[in-house]
Amino acid sequence: MAIAEWPTMNMSDTEITLAPEGAAAAPAQVRFSDFGLSPDIQRALTEQGYTHPTPIQAQAIPVVLQGRDVMGAAQTGTGKTASFSLPIIQLLLAHANSSMSPARHPVRALVLTPTRELAVQVADNVKAYCKHTPLRSTVVFGGMDMKPQTAALRSGIEIVIATPGRLLDHVEQKTVSLGQVQMLVMDEADRMLDMGFLPDLQRIINLLPKARQNLMFSATFSPEIKKLANSFLNNPVSIEVARSNATADKVTQVVYKVAEEHKRDAVAHILRQRELKQVIVFSNTKIGASRLARGLEQDGMKATAIHGDKSQQERMAALDAFKKGEIDVLVATDVAARGLDISDLPCVVNYDLPYNAEDYVHRIGRTGRAGASGDAISIYSDKDERLLADIEKLIKQTIRRGELQGFAPGSHGGDERHGERRARRGSEADRSRGERGGAERAPGGERERERSRGPAGPGPRREKVDPWFLKPYEPSRSAAPTASAPLPAAKPKAKLAALLGGLPKA
Ligand code: AMP
């Protein structure tokens, strides 16, 4: 197993280290029944359709059950949620009771997530896993009325999943007490730091009992993350699984080079030629996403854009339509798409190569999740050579250069795109910050609230209602890839399950 004592693990924020072969092979031998989980949990797992633990689960569950702190290198899509929530539930079963008294149900486990949509996903999983136990769980996040959350917290809850800002709101209003927390999970710790949650995290940690078990998960390991880990983890066990940086095997990747002004035509051509349904097309900018969606619509496609400038109503309508299969193409910025559990998508398209190579990995992770295969198609032009090189360096792989068969650039697309470039040039500062850095913040709007509050402490907070992001993604029935639209000259499908299984290559 790829278990090492912290800090011996060799990870950096840019280097991608794969799990050893032994770890990758482990899940084939390990079964959930090997962990000694309660029959009530096992029943829930059977209902979820889980047969074998994923690598992170195989490694983390026994360690967490021993009461050890864990530093986990894994990102969404690896099964990490169950890797911490199953042993937490098992350990908390010792305290489970069916008393009606809230005092008998203090908060014993706290899971912190950077975004509300991740909080909702984690909470949904936890609820499913403890469905047959008397344990109670709830989720609290910003951007919506505090009253229902307050009522839930006051009724007594053992497992709370929360975004940091809203949790502190509840602390300030004395609607939650953290004095009996035995287990703390920091999920997507790197994103939390990116989003400026460090002061909130520190405040929360100060409210917890000193004697507790700590679990921290992060996809990347910058010096700041290591510092945070060192400051609050106690002799942790480090667990690393193959990240989706290593999942190229299950996602068929191809890049098509076209002239800058023909990118939109190329996307339209690909979507039409492959008759793609339920596709996400990524754009680096909000304005680019809007223009592309509008252009695709003009080309007769059912497309819409989602990004931070869209109103709540527009976002809700877009997601609903996508879920129902009324919209085939969702043009999204990285931030708008982040955190949504969009499994089963047959294909993602990069209209722009991302400025940050890691975003490429997140994007292609939208397809081919949970053992399914998928296609990741990218369009690039001369000026993007550098971005492509960065991506290939990160994934340690040369992406296949494809030929767009039957592509005859049309008359549309060019003008809009030039217009966009002019607009971009005008906002070079935004562009250089990138969406990760400031042009568009995380959907929860927690950062804005933190800024408005200032670093020093409590004060009135402006809530930004954003229910669109609260809805977990449910793929529509029409999400299956079209059999009639194979990749032109596609290479043989590579082996499945690198993401969940990190299986050795054949
Ligand atoms: P996560 O990385 O926790 O977001 O999980 C990614 C997806 O994998 C979720 O849809 C989970 O329901 C699913 N999943 C987690 N563990 C397993 C498992 N052992 N077998 C099959 N699917 C799983």
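In this predicted model, Val254 stands opposite Ile377 of strand β14. The two strands involved, β9 (residues 251–257) and β14 (residues 374–380), run parallel and are joined by 7 bridges.

- Strands β9 and β14 belong to an open sheet of 7 strands with parallel pairing, in the order β11-β12-β10-β13-β14-β9-β15.
- At the edges you will find β11 (303–306) and β15 (400–402), each of which pairs on one side only.
- From one strand to the next, the twist averages 25°.
- Helix α11 (residues 263–273) packs on this sheet, where it touches β9, β10 (279–282), β12 (329–332), β13 (347–350) and β14.
- The direction of α11 makes about 160° with that of β14.

**Strand β10 and its two partners**
- On one side of the pairing, 4 bridges join β10 to β12, and these strands run parallel; here Val281 stands opposite Val331 in β12.
- Strand β10 is also joined to β13 by 4 bridges, again running parallel, with Val279 opposite Cys347 in β13.
- Which way do the side chains of β10 point? Val279 and Val281 point one way, while Ile280 and Phe282 point the other way.
- In a regular strand, side chains alternate between the two faces of the sheet.
- All four of these β10 residues, Val279, Ile280, Val281 and Phe282, are buried.

**The nonpolar cores**
- The largest nonpolar core has 66 residues, and Leu110, Ala119, Ile161 and Ala162 touch the most other members.
- Helix α5 (residues 116–129) gives this core its largest share, 7 residues.
- Beyond its neighbours within four places in sequence, Leu110 is in contact with Val160, Ala162, Leu178, Val181 and Leu184.

**Helix α5**
- Helix α5 has 14 residues and reaches 20 Å from its first C-alpha to its last, close to the 20 Å expected at 1.5 Å a residue.
- Why can α5 be called largely enclosed by the rest of the structure? Because 11 of its 14 residues are buried.

Technical notes: Residues are numbered from 1 along each chain as its sequence is written. This is a predicted model: local features need pLDDT of at least 70, side-chain atom pairs count only at pLDDT 80 or more; totals for chains, interfaces and linings use all residues. Two strands pair if DSSP finds at least two bridges between them. Axes are lines fitted to C-alpha atoms, for helices over the stretch in contact, and angles run from 0 to 180 degrees between N-to-C directions. Two residues are in contact if their C-beta atoms, placed from the backbone, lie within 7 Å. A nonpolar core is a set of buried Ala, Val, Leu, Ile, Met, Phe, Trp, Tyr and Cys residues joined through C-beta atoms within 7 Å. A residue is buried if 20 or more other C-beta atoms lie within 10 Å of its own, exposed if 12 or fewer, and partly exposed in between; C-beta atoms are placed from the backbone. The expected span of a helix is 1.5 Å times one less than its number of residues.
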